[in-house]
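Dear colleague,

Here is the structure I said I would pass on to you. Please open it beside this message, and read on below for what was found in it.

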Amino acid sequence: MGEPVRTLSFVVGGFGPALAGAVTTWLDGESVRAWARQIVRWRVPPRWYLAAFLLPLLVVGLASAAIVLLGTDVNPAVLSGRFSLVLGSYVFVALIGGGNEEPGWRGFALPRLEKRYAPVPATLVLGVVWAFWHLPQLVADPNAVYSFAWLVEETPGIVLRVVNIVGFAFLLTWIYNETESVLLALLLHAGINTANSTLVPLPIEAITGESFTTVLIAVDVAVWIVAVLLIAATRGQLGYDLPRATADGKADR
């Protein structure tokens, strides 16, 4: 598959949800400006910024423990000197490597699903759609870490990726519902992707090579532990406050 096709797939996959959100908002006669304001809504209590930065560290910490339980030795010393890698990955994911999807998924789709369903089923629906949205990107880049060729050869990899993304969706639902800020969802998205790819205490070549399946299973376990804890702690509401939503128009956003 040629480079232009891979580039087109990357652009459409990354910016398609946001573009669809903007166009559909406009076609529905709603305010595109109000929809867009969520993307730069930064005036939220500092604890939510802390949550956006610490949740990925919690996930990678739990994943590291799971890796050990699965029989692979970790070496925290390999993390030294990765600052530039972590920073570069974070900025890339936030701007064009996944975070740019958030205006569509959390900024548009999630609020509308939550008008029809409770937060948990709404998140499950969105998580599955979000997971399968990524499949064309996998086809377009046979050399990617999560390559389509690898998934065909190792069919369970498809299931592991879907499980991972759906679990991740619960964390994003929670922080979006609590803040009504796409920006915070974007920061959490960037943090999770960056932590999973750079802060697992294994050599990078091991994460993407012989230990890849082990790492993916461990991250799945970690993400779902956090997701279940959030569901339990919020009694299934994941930060969605229906009385407040009705009072301030959130249910119609």
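**Helix packing around α12**

Helix α9 passes α12 in a left-handed crossing, where left-handed means that the near helix is turned anticlockwise from the far one by less than a right angle, and right-handed that it is turned clockwise. Before going further, please note that this is a predicted model, in which local features need pLDDT of at least 70 and side-chain atom pairs count only at pLDDT 80 or more, while totals for chains, interfaces and linings use all residues. Residues are numbered from 1 along each chain as its sequence is written, and side-chain values use heavy atoms, with hydrogens and water left out.

Helices here are DSSP runs of H or I with at least four residues, numbered from the N terminus. Helix α9 covers residues 156-179, and its axis lies 9 Å from that of α12 at an angle of about 30 degrees; the axes are lines fitted to C-alpha atoms over the stretch in contact, and angles run from 0 to 180 degrees between N-to-C directions. The two helices α9 and α12 are therefore roughly parallel to each other, given that angles under 35 degrees count as roughly parallel, over 145 as roughly antiparallel, 65 to 115 as roughly perpendicular and the rest as oblique. Among the residues of α9 that meet α12 are L160, F168, L171 and W174, and on the α12 side they include L216, V223, W224 and L230, contact being heavy atoms within 4.5 Å. By class, the contact of α9 with α12 has 16 nonpolar, 4 polar and 2 charged residues, where Ala, Val, Leu, Ile, Met, Phe, Trp, Tyr, Cys and Pro count as nonpolar, Asp, Glu, Lys and Arg as charged, and the others, Gly among them, as polar.

Helix α3 (residues 46-69) also packs on α12, with axes that come within 8 Å and cross at roughly 130 degrees, and the pair is therefore oblique. This crossing of α3 and α12 is right-handed.

Two residues in the loop between α12 (212-233) and α13 (242-248) deserve a look, and R235 is one of them. Phi of R235 is near 55 degrees, a positive value in a residue other than glycine, and L238, in that loop between α12 and α13, has a positive phi near 50 degrees. Most residues other than glycine have a negative phi. R235 counts as exposed because its relative accessibility is 78%, whereas L238, at 0%, counts as buried; buried means under 20% relative accessible area, exposed over 50%, and partly exposed in between, with a 1.4 Å probe and protein chains only.

**Elsewhere in the chain**

T25 lies in helix α1 (residues 3-27) and is buried, with a relative accessible area of 1%. Leaving aside neighbours within four places in sequence, T25 is in contact with E30, S31, V32, W35, F108 and R112.

A search of the whole structure finds 5 aromatic pairs, in which the ring centres of Phe, Tyr and Trp (its six-membered ring) lie within 6.5 Å, with planes under 30 degrees apart counted as stacked, over 60 as edge-to-face and the rest as tilted. One of them is the edge-to-face pair of W105 and W133, 5.9 Å centre to centre with 80 degrees between the planes. The pair links W105 in helix α5 (residues 102-116) with W133 in helix α6 (residues 119-133), 28 residues apart. W105 is buried at 8% relative accessibility, while W133 is partly exposed at 31%.
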